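Me: I have a few questions about how the terms are applied here. Could you go through them with me?

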Amino acid sequence: MKTVFSVWRQRIAPVFDTAQQFHLVDTTGGRITAESDHLVDADLPRRIAWLKAQDVRTVVCGAISRPWQERLEAAGLTVVPFVAGDLANVVQAWASGALRGAAFTMPGCCGRRRMRCGRGCRGRGRI
């Protein structure tokens, strides 16, 4: 399964909409099989086309505007928003299934409660 992480200075980019770098990770059975870095176009339709061409299924990011998240989801991508932390740690947590938790929750919005209160809370916290 291919997942993309929005990146800024080896951390999860604080805002997906303006991120200029993606880290593409391929996992099989909870194991990382390939990783690569890519510079990305700022234009959302081009980003979506690139993600689809790479066969990406999931986007892990920091904050994301509601229109951008809705467009990604309409294109069949799963969006995991409001994640924060060092890229290597987040990737490792994602691969092992341990990403959900306070250690990787972006501060603000619904704060550290976000992971426990479900989609309703995330929906209110979106920009």
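Me: Why is R46 called exposed?

Reply: R46 has a relative accessible area of 51%, and exposed means over 50%, buried under 20% and partly exposed in between (1.4 Å probe, protein chains only), so R46 counts as exposed. One caution: this is a predicted model, where local features need pLDDT of at least 70 and side-chain atom pairs count only at pLDDT 80 or more, while totals for chains, interfaces and linings use all residues. Residues are numbered from 1 along each chain as its sequence is written, and side-chain values use heavy atoms, leaving out hydrogens and water.

Me: What makes D41 partly exposed?

Reply: The relative accessible area of D41 is 34%, which lies between 20% and 50%, so D41 is partly exposed.

Me: How do you know that R46 forms a salt bridge with D41?

Reply: The term asks for a side-chain nitrogen of Lys or Arg within 4 Å of a carboxyl oxygen of Asp or Glu. In R46 and D41 the closest N and O atoms are 3.1 Å apart, so the pair qualifies. The structure holds one salt bridge.

Me: Why are β3 and β4 called paired?

Reply: Strands (DSSP runs of E, at least two residues, numbered from the N terminus) pair if DSSP finds at least two bridges between them. Eight bridges join β3 to β4 (residues 31-39), so these antiparallel strands pair. F22 stands opposite H38 in β4.

Me: What makes β1 and β3 a pair?

Reply: Six bridges join β1 (residues 2-8) to β3 (residues 21-28), so they pair too, running antiparallel. The bridge partner of F5 in β3 is H23.

Note on methods
Helices (H or I, at least four residues) and strands (E, at least two) are DSSP runs, numbered from the N terminus.
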